[in-house]
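Work through the exercises below with the sequence and model in view. Try each task before reading its solution.

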Amino acid sequence: MKRDSLFLAIALLPVVAFAQVDHFEISVPGFQNGNHPFTLYAGDCYVITVQAKNSAGQVVTSYNGDAILSQRAINDQSGAILGDRIGISKAANVANNTHLGRSSMTVTLTNGVYQFGAGGSLSTQLCFYYATRAPQDYKQSSGLGDLVLTATLPNGSSPGISPSYVVWHNTPQKIILLVPNQAINPATATGSSGTVISEKMGLPFSAKTYLVDQFSNPIIKDQSTADTIQMTASHPQSISFNPSQGAMSNSIYTSVVTVSSDSICGTTVTL
C-alpha cells in the first residue's frame, strides 16, 4: 500500500527586532542660561545624538535600524505636544536649497546610536530654522521651552523626547508682502502660504508687510521693527493705498488697497 507523503511548507519571514528598544534618548540643542530653557538662534546647527535605550536606560547596541526624528511644538505650561513644527534639516541640504519646510526625517542607528555631525562633519549637523521668540527672551526660569525633538521607531512605538528649547529669530533680512488668502509661513522656501486671488475694482483689501529674518521668521524685537514702509504699485494711477506710508508696529505694517480704474481689469498688478 502506497502512502502519500504530506509536505508542509513554512515561509520564513524577516522579523525586525524592536522588542529591546524601550525608548529613545535625544540630546538637546543650544545653550542654557541658568535654569532657563535651552536657547539657540534660527540657522544654528548642532551635533545631536539619538540613542536607542532599553527599560533600564542602557543603549541597545544590537539595534541597527531606523528612527523617525521630528520637531514638535509643545504647550509651555503643561508640556503637552501640540503638533509637528517645520524647521529642521541637515546642514548639507542648504547647498541644494532643500533645507526649509521639513519637520521630520529618518535616521539609521548603528549599534543603537546615530549622531548628527559625527566625526566633526559640519555638513551632517542638525540645523534649526523655525523661531519662536526674540533674542534674549529666555522665558521663565525653570520653565519649559517652545519646541522639542522626538524620536520613534518606524511603527511609531518606543517614543523619546528631548529637553525643550527656544529658538530666537535672526537679524532682519527682508520684507514679505501678503494679500488676502495668504499667511506668513516661517521656515519655508517662500515664507508664505496660500495663493493670490483676484480682487474686485472698488472693493478695498488689506496688504500686510512683515519684517523677517532670512528664514522668514517675523522679527519680534529689534530696533528695525518701527522702520518706515512705503507702498507702491505697478499701476500707480489706478491703485491707491491708505495709508501709503507709515511706521511698522512690531515689524508689521498694514495698508488698505483699492483699485480705482477698470482700465487694469484682467491685469496682473505688482505691489
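**Exercise 1: an aromatic pair**

Y41 is partly exposed, with a relative accessible area of 27% (partly exposed lies between buried, under 20%, and exposed, over 50%; 1.4 Å probe, protein chains only). The model is predicted: local features need pLDDT of at least 70, side-chain atom pairs count only at pLDDT 80 or more, and totals for chains, interfaces and linings use all residues. Residues are numbered from 1 along each chain as its sequence is written, and side-chain values use heavy atoms, without hydrogens and water.

Task: classify the pair of Y41 and W168.

Solution. 
1. Rings of Phe, Tyr and Trp (its six-membered ring) pair if their centres lie within 6.5 Å; planes under 30 degrees apart are stacked, over 60 edge-to-face, the rest tilted.
2. Y41 and W168 are 5.2 Å apart, centre to centre, with 80° between the planes. The pair is edge-to-face.
3. Y41 lies in strand β2 (residues 38-41) and W168 in strand β13, so the pair ties together parts 127 residues apart in sequence. Strands are DSSP runs (E, at least two residues), numbered from the N terminus.
4. W168 is buried, at 1% relative accessibility.

**Exercise 2: a loop serine**

Task: is S162 buried or exposed, and what does S162 touch?

Solution. 
1. Locate S162: the loop between β12 (160-161) and β13 (165-168).
2. Its relative accessible area is 6%, so S162 is buried.
3. Leaving out residues up to four places away in sequence, S162 touches I26, S27, V148 and L149 (contact: heavy atoms within 4.5 Å).

Definitions and conventions
Helices (H or I, at least four residues) and strands (E, at least two) are DSSP runs, numbered from the N terminus.
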